[in-house]
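Here is a short briefing on one protein structure. Look at the sequence and the model first, then read the points below.

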Amino acid sequence: MDGERRERFSQLSYAGPTKITKLPKRSAIVAFSSEEVYAIAELLKRQRGGCAVIMGALSPRTRNAQVDLYQSGEVDFLVATDAIGMGLNLDIGHVAFSSTAKFDGRRMRALYPQELAQIAGRAGRHTEDGTFGVTGEARPFDEDLIEAIEQHRFSAVKKLHWRNAQLEFGSADRLIRSLEHPTSDEWLTRARDADDLLALKTLAALPEVQDKLTDAKRVQLLWDVCRIPDFRSSSGPEHAALLTRIFHFLVGRGLGGGRIPTDWIGPAIKRIDKTEGDIDALSRRLAHIRTWTYIAQRKNWVEDESHWRGETRAVEDRLSDALHAALTQRFVDRRTSVLLRRLKQKETLVAEVNDKGEVTVSGELVGRLEGFRFRQDASSSPDEARTLRQTAEAVLRGDRERLLGSSHVEHPVAMQPGGPDPARLAQPPGGP
């Protein structure tokens, strides 16, 4: 099969293995499980001020908020699954793989060279060069793989996955056979059973469903119900039970069909509409509401369509915002990230000293003045301690007299190179 080729405008090159704590700024670290993503994100918070997190399970609103956190420069690192390989254009300088294997829904397997290249290609932007490499427990790439990715040379694709689009609704069995219909095209191969087909086989085998499949219209309705996405990635029986209940509501008693009643969908959504809890709890609720958002968008499926479309979207937005806040709170050290950004951008830093001697810079507490000595605030990591020292050096250089001249004063001090030894500023009273 002939295809069009699109040349890359910048150079993508292999940078070898690098420790997570030594990765350059504007790096993306790629992992393939939520557990690994969270572990790396925790490490980056302790050592580098924090990171944004992107996973396929996030709602579009949460994902975009995390992208903005990284793009704005509030954090310099991104931890993501292979979700960044499709549809996201980010200012990434380096992509580091912490793993090169993933679970594909059936088994763990090594990523294909073209998959690694798709992800590594996020590094660099238009004419900006980029690099890729490995970190953590990932083994270094061999020379053939490096050359393939850098030169974008891969084995030809010989087969495309395909599923028959000519469906037959005469009966559930005929519908299933049409979905499983093979192809004689040498370039195509039948895709493995998708979630909707598996759901159809499960529901069609239930006697209470079989009794209602009296005509082609109801078979098509069953197929529409089975196509409801399982955003929750729940167990097969749990999702099948939900689909079965919805199908019974939609079949109804009359010839015109039924609707999902308000007294059933209302309490279900109310149970989900809670913005407290940890990341896992919020993620589960968000997955639930995304299913209901999909259902509410289907024509003639719910009573008072306009109300439920607005309600499910509002709940999804609230949960998305709460999940973004929870991710940021857990994986971003706000003080370190704010001060690092201001220092890096050479912004004017505004220092304040209150009547307790507490010194804040741009709203962030950096330490206390005790007499004519500065005591640095406690830090949680070496990087944070270094950032606090840099900030103290910037704002206290030659200005302590003026800061101490009032019990509360705001004083902007522009960044300048040089200055006193930060270690002396941090000495406690009675020191040398």
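Helices (H or I, at least four residues) and strands (E, at least two) are DSSP runs, numbered from the N terminus. The protein has 16 helices and 15 strands. This is a predicted model, in which local features need pLDDT of at least 70, side-chain atom pairs count only at pLDDT 80 or more, and totals for chains, interfaces and linings use all residues. Residues are numbered from 1 along each chain as its sequence is written, and side-chain values use heavy atoms, with hydrogens and water left out.

**The whole protein**

- The protein has 432 residues, and 44% of them are buried. Buried means under 20% relative accessible area, exposed means over 50%, and partly exposed lies in between (1.4 Å probe, protein chains only).
- Contact means heavy atoms within 4.5 Å. Take the contacts in the protein with a separation of 6 or more: 67% of them join residues 24 or more positions apart.

**Nonpolar cores**

- A nonpolar core is a set of buried Ala, Val, Leu, Ile, Met, Phe, Trp, Tyr and Cys residues joined through side-chain atoms within 4.5 Å.
- The largest nonpolar core has 66 residues. Leu200, Val225, Ile246, Ile260 and Trp292 touch the most other members.
- Which residues does Trp292 contact, leaving aside its neighbours within four places in sequence? They are Leu242, Trp264, Ile265, Ala268, Ile269, Ile272 and Thr312.
- A second, separate core has 32 residues, including Ile54, Ile84, Ala117 and Ala123.

**Helix α6 against helix α9**

- Helix α6 covers residues 195-204, and helix α9 covers residues 236-251. They pack at an angle of about 65°, with their axes 10 Å apart.
- Axes are lines fitted to C-alpha atoms, for helices over the stretch in contact, and angles run from 0 to 180 degrees between N-to-C directions.
- Angles under 35 degrees count as roughly parallel, over 145 as roughly antiparallel, 65 to 115 as roughly perpendicular and the rest as oblique. α6 and α9 are therefore roughly perpendicular to each other.
- α6 passes α9 in a right-handed crossing. A crossing is right-handed if the near helix is turned clockwise from the far one by less than a right angle, and left-handed if anticlockwise.
- On the α6 side, Ala199, Thr202 and Leu203 make the contact. They meet Ala240, Leu243 and Thr244 in α9.
- By class, this contact of α6 with α9 has 4 nonpolar, 2 polar and no charged residues. Ala, Val, Leu, Ile, Met, Phe, Trp, Tyr, Cys and Pro count as nonpolar, Asp, Glu, Lys and Arg as charged, and the others, Gly among them, as polar.

**Helix α6 against helix α8**

- Helix α8 covers residues 216-226. Its axis and that of α6 come within 8 Å and cross at roughly 130°.
- That angle makes α6 oblique to α8. The crossing is right-handed.
- α6 brings Asp196, Leu197, Ala199, Leu200 and Leu203 to the contact. α8 brings Leu222, Trp223 and Cys226.
- The residues of the contact of α6 with α8 divide into 7 nonpolar, no polar and 1 charged.

**Loop residues**

- Ser59 lies in the loop between β3 (52-54) and α2 (60-71). Is Ser59 buried or exposed? Ser59 counts as buried, at 0% relative accessibility.
- Beyond its neighbours within four places in sequence, Ser59 is in contact with Leu286, Arg290, Glu316 and Ser320.
- Asn300 is in the loop between α11 (279-297) and α12 (305-331). Its phi is positive, about 65°, although Asn300 is not a glycine. Asn300 is partly exposed, with a relative accessible area of 37%.
- Asp304 also lies in the loop between α11 and α12. Asp304 has a positive phi of about 55° although it is not a glycine.

- Leu12 lies in strand β1. At 6% relative accessibility, Leu12 counts as buried.
- Leu12 and Glu128 are 116 residues apart along the chain, and their C-alpha atoms are separated by 9.3 Å.
- Lys19 lies in the loop between β1 and β2. Lys19 counts as exposed, at 63% relative accessibility.
- Lys25 lies in the loop between β1 (12-17) and β2 (27-30). Lys25 is partly exposed, with a relative accessible area of 44%.
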